[in-house]
Amino acid sequence: MKNISLFPPIATLDTLPTPCYLYDTALLEETLQVAQREASKYHYEIHYAVKANFNHRILQQIAACGFGADCVSGGEIQAALDAGFPAGKIVYAGVGKADWEIALALEKKIFCFNVESLAELEALDELAGKQNRVAPVALRINPDIIANTHRHIITGFKENKFGINLDLLDAVLKTLPALKNIAFKGIHFHIGSQITDMENFHSLCLRVNEIQERLAGMDLLPEHVNLGGGLGIDYYAPEEKRIADFAVFFQLFDKQLKRYHRQHIHFELGRSLVGQCGTLLARVLYVKDGSTKKFAIIDAGMTELIRPALYEAYHKIENLSSGGDAEKYDVVGPVCESTDSFGKDVPLNTVSRNDLLVIYSAGAYGESMSSHYNCRRLREPYFYGK
Ligand SMILES: *Cc1c(COP(=O)(O)O)cnc(C)c1O
């Protein structure tokens, strides 16, 4: 990592202004190609979940690789279009879509709205009518599956705010014929994020098979099935496990998911595409001695990377500046919150003021969740690789 040439080419690693994000575009390219190759074995289509990282250069690279986009706001739809994603490959999900966002998506003629409630379906019908358009719709169904992941990132369990509950599905289906400006195209699922236990996806397949059987009985088989995202990455071994196991992931769906004649199968991957290509670089401001421990106080905080504070997430950290013996530090940021911490008892080569620390696996939900809290200002990221 020491001898890399950065873009924009104004700094070397040693003089880099911190905190800043650094993206490895060669790793991103390789990841995209592996994902694309494994998905295409089964003619699966992937939409990149823009919320994981909406940096313009990253979006451009993903669009250039032929992916579609999965957006959750009007702003994301615009960002995706600006980066070169074709409107015909954009899906739009989200529990709360404002009228202007729906209008924008209708005007741009996106591929599909993933609709999460009857109330939304009725609003969409009305807005589409005003524009004299028919809105292509997939119903987001809550499959009632608990994923083995952090409780804050489970999305597919009963009475979660996401999706249409299974027991309400029939009622929603019955209203469809009356909604003249709605075209029922697909069904959509997304059970959570950072899922590494493939059993969870297996359960999803079985549930989708049941639902499709019901739909077939009602003569309502959809043209496409969208299984969402959620494939996890290895936060503990970012350098050894640089690319998620896309082969195993897609093969599981090929084996377990019943696919009806001519049905298209879509996925929405975020973290697994961009997570490992981004790192956060930070400098040590001070080493502070506590009574029983040492704190490495760094210039990056929850304002740059909120995952540890928000989800108790683990990120591997290394000291790039020192070869000294490993000692344990609590690595904390400068923000006025107790949760502004990157890890307790983190083993690091002896830390001194101005040392450069690297926080790995920060490409997903890092820069995109950053904030201006404490009037902090974000720096533009750097790129290397491609
Ligand atoms: C966030 C999200 C995704 C992507 O999730 P990852 O865990 O990053 O793969 C996909 N679909 C929907 C509807 C989402 O909200």
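I started at P19, which sits in the segment before strand 1; helices (H or I, at least four residues) and strands (E, at least two) are DSSP runs, numbered from the N terminus. The peptide bond from T18 to P19 is cis, with omega near -5°.

Housekeeping for myself. This is a predicted model, where local features need pLDDT of at least 70, side-chain atom pairs count only at pLDDT 80 or more, and totals for chains, interfaces and linings use all residues. Residues are numbered from 1 along each chain as its sequence is written, and side-chain values use heavy atoms, with hydrogens and water left out.

**Ligand site**

Which residues are closest to the ligand? I got K51, S193, E268, R271 and Y365, out of 14 residues that surround the ligand; a residue counts if one of its heavy atoms lies within 4 Å. By class, I noted three nonpolar, six polar and five charged residues in that shell. For the classes, Ala, Val, Leu, Ile, Met, Phe, Trp, Tyr, Cys and Pro count as nonpolar, Asp, Glu, Lys and Arg as charged, and the others, Gly among them, as polar.

Next I looked up polar contacts (pairs of N or O atoms within 3.5 Å; within protein, one must be able to donate a hydrogen and the other to accept it, and residues adjacent in sequence count only if both atoms are side-chain atoms). The side chain of K51 puts an N or O atom 2.7 Å from a ligand oxygen. Taken alone the ligand exposes 390 Å², and the protein buries 94% of that (Shrake-Rupley areas, 1.4 Å probe; for residues, only the protein chains shown count as cover).

**Helix 2**

I listed the buried residues of helix 2 (56-64) as I58, L59, Q61, I62 and A63. Buried means under 20% relative accessible area, exposed over 50%, and partly exposed in between (1.4 Å probe, protein chains only). Their cover includes helix 1 (25-40), helix 3 (74-82) and strand 17, where contact means heavy atoms within 4.5 Å. N55 caps the N-terminal end, with a side-chain oxygen 3.0 Å from the backbone nitrogen of R57. Just after the helix, G66 takes a positive phi of about 95°.

D345, not a glycine, has a positive phi of about 50°; D345 lies in strand 15 (341-349) and is partly exposed at 42%. N354 has phi near 75°, sits in the loop between strand 15 and strand 16 and is partly exposed at 46%.

**S370**

I found S370 in the loop between strand 16 (356-359) and strand 17 (382-384). A polar side-chain atom of S370 lies 2.6 Å from the backbone oxygen of E367. Not counting residues up to four places away in sequence, S370 touches T303, E304 and L378.

**Salt bridges**

How many salt bridges does a search of the whole structure find? I get twelve, taking a side-chain nitrogen of Lys or Arg within 4 Å of a carboxyl oxygen of Asp or Glu. One of them pairs E30 with R242 at 3.9 Å, N to O. E30 lies in helix 1 and R242 in the loop between strand 9 (224-226) and helix 8 (246-256), so the pair ties together parts 212 residues apart in sequence.

R37 and E38 meet at 3.3 Å; R37 is partly exposed at 47%, whereas E38 is buried at 5%. K316 and E318 pair at 3.6 Å, with K316 buried at 17% and E318 partly exposed at 27%.
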